Amino acid sequence: MSRFFATGSDSESEESSSADEITPKAPGTTFKQSLLLSDDEEDTKRVVRSAKDKRFEELTNLIKTIRNAMKIRDMAKCLEEFEQLCRAFLKSKNIVDKEGVPPFYIRLLADLEDYLNQLWEDKEGKKKMNKNNAKALSTLRQKIRKYNRDYEAEIASYKENPQESADEEEEKEPGDSGSSSESEAEAGDEGVSAKAFLKKKPEAAPEASKFLKSAKGSGDESSSSDEDDDDEDWGSDTIDSGSESSDEGEGKSASLAVVFLKKTQETEKSSEKKAGKKKKPKKKERLEEEAEEEGGEEVEGVWEKVKGGVPLVKEKPKMFAKGTEINTAVVVKKLNEILQARGKKGTDRAAQIELLHALAAIAAENNLGQGILVKIKFNIIASLYDYNPNLAAFMKAEMWKKCLDCIDELLDILFENNNIFIGENIAEDSENLGISDQPFRVRGCVLTLVERMDEEFTKIMQNTDPHSQEYVDNLKDEGRVCGIIDRLLTYLENKGSTEEICRIYLRRIMHTYYKFDYKAHRRSLGLQGESKSEQDQEESEGEDSAVIMDRLCKFIYAKDRTDRIRTCAILCHIYHHALHSRWYQARDLMLMSHLQDNIQHADPPVQILYNRTMVQLGICAFRQGMIKDAHNALLDIQSSGRAKELLGQGLLMRNMQERNAEQEKIEKRRQVPFHMHINLELLECVYLVSAMLLEIPYMAAHEFDARRRMISKQFHHQLRVGERQPLLGPPESMREHVVAASKAMKMGDWRTCHSFIINEKMNSKVWDLFPETQRVREMLVRKIQEESLRTYLFTYSSVYDSISMETLSEMFELEIPTVHSIISKMIINEELMASLDQPTQTVVMHRTEPTSLQNMALQLAEKLGSLVENNERVFDLKQGVYGGYFNRDQKGGYQQKQSYQRDQKGVYQQKQGGYQRGGYRNQNQSNY
């Protein structure tokens, strides 16, 4: 657009043309003008800005982008822009050192940190984020926390009074609307705030014209009148007029230099502006003082600052008006008024609890009787439970202590007053709360309150870090919880129904079944306390936990009508037996209950309890030397690879498709508290050692059998992992120790196997965790010796013609009768084809085992047979005889093949079936 159409009317254009005629242009000015502004730049307005304004504009643009990203929860964008903002702020270091950290920058840092903390606490929102956003959120949170340490003081002052800092920023901003003359007048004064600078962008051209005016004034005074006329005629296009009217000499060079320099007047004006801003808060203070004076005259017209959000009750409502007669009816009416607000939006739950406490105090002062006091106590405890409306949230320590105190007080009242009857079946109309000849009747269930208290205790333990001192402190409250349960148990045994007694018995059982009774264990071993005080304490102690469990469980077996309580009681009883090494009682109770038949239909918490019981049963069998029973009990849990999850001791990482956020919350609520956990490393070690003692002799016996089955897949997996390692060093982990021991046992080297299984590292990790450590170690050594002997005989029997039992006894450090017993069992079971020579005490081997070549030939024949069978089936399908394979008759089809097999005498005979070795194994065991 040409400068002739920039501003002005027709009359102005005539004046401008006459001014052009009067003032002739100096030759060469157009050329010099073209040096200042090219033809492309004629239409654009030059803006001369300070370095500060440029840097602050860059910062504000980045901040704006970050705030937009925050609105849409784009964490990846936030992280990217924040990194750019840090780099830009580092470039502005010189300006920041002079001017100070800009308030808008501090405001962003504080807001961003609060925003990230809020997102971090929102667990559901985090799970819904995609992977990039979640990763960016974590990274950005760490960066902002680290970065904000340098600005802690500024952020703290901003957070103390965010309103004032926001007001200051607003005061620094000029008005968006206004005449061009006002903006020109204030253009030099602004530049403090980046926001103000951004808002003034379209009006920045007049600032450049001012610079040019001052330049012309310093360059040539004679042409000032003409320049003024040009200013009037052309408005903002003063660059052209300035360049035309200025001289070619020093004035011109001076004007070029001054164009890019800030005026000294600007700093003066900015200081005046700052002084004006300082006066503004004083003006506010005056207005507030005047308002206060007016408020003194008119109390009702006072304006108050109100916090945003739901309006809260500021003053406690008065309980009763003066002169009101306090009686039972009035207190009950007031209680109902307080309870009506329960659960409503905006209700202050803490204030409601305080009101109920105050009401209880008033009832006690006025001696209204224990009936009304019990009713108020019921409602106080219920309000404490309602304090956290979210089911997943747990009670804070303060509320938890209050809850325990209230329940104790309630039980005190019930024990002291036998004339109080409570129950859920009492209707509110038929309640008797006043003092009269009739006994008090109160609607409520104290058992439900205690059950909820027990659940809250479990939640507190689930949500506390198990490795902190806080967990230990919380666990100390279990004594109080058990004390309350015991007191209620005593109360209900006198006044409760059978169903209620069964429920409270189960609660008591659940706090007892997983605890090892060391005092009873010491008494069973005949040990007494070291000091006299310990002996006295043991004598004064009540009955053993085994007696308590037996009494409580048998009552439930006899009286309970619900399957769930009885099932839980049986499982807890079995667990307690197994924990205290009563293997036969635990096994018989499990087999008689037939729980394994229908446990899959039970609810998940009962299934978790069943899994825990089976694991404890397996560990008990291992301690007793029942290796096969231990392996069978642990097989299902360990083979799944999800022992941690099945025992309720933690969740495994899964895809969101398998388990959504809601299901994950439910599963977290089912987790067992840490102090009830079973050591998973001990469990795995027991399983692997059991598998080793069973699998290694079996592998040696069926070395060349193609149809050999695996007893334990997990054990074979560990063996394969050990074989794949390119460099075998000394074992470090528990699994490596078991694998190394297995390799030694395979060779019949029991001493090496023993050193790998029982050593300092394994003792500290596993074996020292058992109650009777030494007995378990002795049992393990014995089992390793016996199974190594069996493995040795299976592996090297083909090498010997005969071997002395005395030699075997010395090799494996076993008694001769034990060696005799083991070999006799092997011969009876036809695992070893040999005979015992009694006079010489030797084992004479029978040469019936096939050679390795014969074994390979048998395997080849078997594979060829299956290949022919598959080939003929494919041929039949190709010829169109569909289903011919299945339609063959019994006399000579694929299902009944003619094959060769050796009998006991080593002669090949024709027999129907597959290839089998009859030499040293029973002919009927063809399924191995």
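Is Cys 685 buried or exposed? In this predicted model, Cys 685 is buried, and its relative accessible area comes out at 0%.

If you're wondering about disulfides, the count comes to zero. For Cys 572, the nearest cysteine sulfur belongs to Cys 568 and lies 6.4 Å away. A pair of sulfurs has to be within 2.5 Å to qualify, so Cys 572 is in no disulfide.

Now hop over to helix α32, which runs over residues 604-623. Leaving aside residues up to four places away in sequence, Gln 616 touches Tyr 575, Ala 578, Leu 579, Arg 623 and Ile 678. With Tyr 575 there is also a polar contact, in which the two side chains meet at 3.2 Å.

Gln 607 is found in helix α32 too, but its relative accessibility is 28%, so this glutamine counts as partly exposed. Its side chain reaches the backbone oxygen of Ala 602 at 2.9 Å. Ala 602 also shows up among the residues that Gln 607 touches, along with Ile 599 and Gln 600, again not counting residues up to four places away in sequence.

Key:
Residues are numbered from 1 along each chain as its sequence is written. This is a predicted model: local features need pLDDT of at least 70, side-chain atom pairs count only at pLDDT 80 or more; totals for chains, interfaces and linings use all residues. Side-chain values use heavy atoms; hydrogens and water are left out. Helices (H or I, at least four residues) and strands (E, at least two) are DSSP runs, numbered from the N terminus. A polar contact is a pair of N or O atoms within 3.5 Å; within protein, one must be able to donate a hydrogen and the other to accept it, and residues adjacent in sequence count only if both atoms are side-chain atoms. Contact means heavy atoms within 4.5 Å. Buried means under 20% relative accessible area, exposed over 50%, partly exposed in between (1.4 Å probe, protein chains only).
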